[in-house]
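Trainee: Hi! Could you walk me through this one?
Mentor: Happy to, take a look here.

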Amino acid sequence: MVALAITLAVPNVASALTLDETLRLAEQQAPALQAQAANTEAARQAAIPAGELPDPRLSLGIRNLPIEGDPAWSMDAEGMTMQTVGLMQDVPNRAKRRARTEAADAGIELALTQEQLSRLEVRRQAAEAWIAARSVDEKLDLFKALYDENRLFGRAVQARIAGGAGGAADSVLPKQEAALLAEQEDQLQRNRQVARAALRRWIGEAAEQSLTGQLPSWSDEAAYYQNHLQHHPSLTAYGPMARQAEARLQEAVADKRPDWAWGVEYGRREAYGDMVSFNVSFDLPVFASSRQSPRIAAQRARLSQVEAEREAALRMHNEALATDLAELERLQRTLTRLDSTLVPLAEEKVRLAMADYRGGRGSLTTVVEAREALLDTRLRRIDVARDRALANARLHFAFGAE
């Protein structure tokens, strides 16, 4: 039963972890998304009373109680003395209540947009963590093949020495190469732990699973991202922000209209009949130049601030989009060049250097140098593929993801 509970608690323990599964787990577990969901719920709850009337007020008191002479402090000695209970209700004007409702509705929309923005950010960072960890694993997988090649290289050197065509010192070079490979592998193991720690931040213990799948490749077309730019949450958030600022401006304008209140009061007298009072009161906004007008000007300035900030954000995102597209294009060209030219040439150089060495026309040092250059090129190819996937992820989640 305990084993079954553990299996159910940690999904896909035995299976390899794909990027899609990583993104799903990140969305389930990210505290930032839970915080944004709570913020959205708070905005919804806050909108419920936004347009409602204030709570009524209950008043209790004593009217006309004598405090001098023989009837002092007596409730029944003076005919006007009465015990009162009253109910009062403030009624803000309709325009003010409508503006408060519109501001609250805009707040809900803003919270939903912020929640979507947080979701994209979580997915982007989880994707980047998976890409980095997957690239380290690819390098470690490469080293397994390199050790096999090193053993073959060592046997070829020993065979040449046994044939009398090489010096005894040549036998040291394959061992040195193996030791250097081990040092690089140690660094990669350290990098793997760091990468898995970054991945664990987003998906917990599932980060220790083996990773599977190719590095992701989303759209790299400039037109695609430019068309999506206007709909990105970081920009669309300015829509509800502007509507919220506009609603607060209208609320400030509505302050120039008088609010009113009504009240009813029941008075109980000991010596005479009971009494009932009714009253209606109105605010008198007679000092608008020093009260309402400055608040209106302040809200207009805040609305202008939102509009200017949106334009600044749009320009910033346009610059970032152009920069990221240029970087993605550069990395794609570099990756294509590595696959079509640099890696094949480095492999060919190793074959030719080894052929010269076996034929007695070249030195073993040249072979080792060619092998080192091939290793560097292979590792660089993995790094460039990783950087391209990371650049693609930044574009996708910043400008292309729905």
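Mentor: One term to begin with: a patch is made of residues with over 30% relative accessible area and no salt bridge, where like charges are joined within 9 Å and nonpolar side chains (Val, Leu, Ile, Met, Phe, Trp, Tyr) within 5 Å. This is a predicted model, where local features need pLDDT of at least 70, side-chain atom pairs count only at pLDDT 80 or more, and totals for chains, interfaces and linings use all residues. Residues are numbered from 1 along each chain as its sequence is written, and side-chain values use heavy atoms, leaving out hydrogens and water.
Trainee: Which residues make the nonpolar surface patch?
Mentor: Leu58, Leu60, Val85, Tyr266, Val276 and Phe278 make it, over about 670 Å² (Shrake-Rupley method, 1.4 Å probe).
Trainee: What is the strand order in the open sheet?
Mentor: The order is E1-E2-E3-E4, with antiparallel pairing (strands are DSSP runs of E, at least two residues; two pair if DSSP finds at least two bridges between them). E1 (57–63) and E4 (275–282) stand at the edges, each with a single partner strand, so one side of each lacks a neighbour in the sheet.
Trainee: New topic: how many salt bridges are there?
Mentor: A search of the whole structure finds 29, each a side-chain nitrogen of Lys or Arg within 4 Å of a carboxyl oxygen of Asp or Glu. In one of them, lysine 96 meets aspartate 259, with the closest N and O atoms 2.8 Å apart.
Trainee: Is lysine 96 buried or exposed?
Mentor: Lysine 96 is buried, at 5% relative accessibility (buried means under 20%, exposed over 50%, partly exposed in between).

Notes:
Helices (H or I, at least four residues) and strands (E, at least two) are DSSP runs, numbered from the N terminus. Buried means under 20% relative accessible area, exposed over 50%, partly exposed in between (1.4 Å probe, protein chains only).
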